[in-house]
Amino acid sequence: DNSPEFIPKCRTCRRRAREQSGEADHHEGLSSDEELTPAEVDEFQKSKDNVLEDSRKIFEDVHADFCDIRKILLKFQEWKEKFPDSYCDAYISFCLPKLLNPLIRVQLISWNPLEQNFTELEEMPWFRAIEEFSDAVNVSESE
């Protein structure tokens, strides 16, 4: 039953139960369903740490020229400058997002925009590299 008079009764019952059990960690306005137990918080943190550790190993065996977005884009820029016809025929502008996607995703694994001291996307090295590449492509096309 989701009638309006039912919801306050449930809240009142939960509030009384918290008061009787001595729970002081409840924050008004938050549903008790949204509160995590310390065990759940620990489990989440361990899982997060494991994912971050695994993400650091992804490109361990990859040559440095092929796991750095800036270096990859420089190779494409060289291709465009030396062989513009084949570069255009290969539709590189359509391929780059798919090519760079895994590299960017690995860098965004630990990014959390809800943290107080998070880095803006525009300030991330991969974003700046793509921006510089786009500017260089636009300049060479206008020439």
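# Exercises on a predicted model

Leaving aside neighbours within four places in sequence, F133 is in contact (heavy atoms within 4.5 Å) with L73, F76, Q77, Y87 and L96. This is a predicted model, where local features need pLDDT of at least 70, side-chain atom pairs count only at pLDDT 80 or more, and totals for chains, interfaces and linings use all residues. Residues are numbered from 1 along each chain as its sequence is written, and side-chain values use heavy atoms, with hydrogens and water left out.

**Exercise 1.** Classify the ring pairs W79–Y87 and W111–F118.

*Solution.* Rings of Phe, Tyr and Trp (its six-membered ring) pair if their centres lie within 6.5 Å; planes under 30 degrees apart count as stacked, over 60 as edge-to-face and the rest as tilted. The structure holds five aromatic pairs. For W79 and Y87, the centres are 5.5 Å apart and the planes stand at 85 degrees, so this pair is edge-to-face. W79 is partly exposed at 28%, whereas Y87 is buried at 7%. For W111 and F118, the centres are 6.1 Å apart and the planes stand at 70 degrees, so this pair is edge-to-face. W111 is partly exposed at 27%. F118 is partly exposed, with a relative accessible area of 27%. Finally, F76, W79 and Y87 form one aromatic cluster.

**Exercise 2.** Locate Y91 and decide: buried or exposed?

*Solution.* Y91 lies in the loop between α4 (84–89) and α5. Its phi is positive, about 50 degrees, although Y91 is not a glycine. Its relative accessibility is 53%, so Y91 counts as exposed.

**Exercise 3.** Find where confidence is lowest and highest in the protein chain.

*Solution.* pLDDT is the predictor's confidence in each residue, from 0 to 100. The protein chain averages 82, and 79% of the residues score at least 70. Helix α1 (residues 6–21) is lowest, at a mean of 70. Helix α3 is highest, at 94.

Terms used. Helices (H or I, at least four residues) and strands (E, at least two) are DSSP runs, numbered from the N terminus. Buried means under 20% relative accessible area, exposed over 50%, partly exposed in between (1.4 Å probe, protein chains only).
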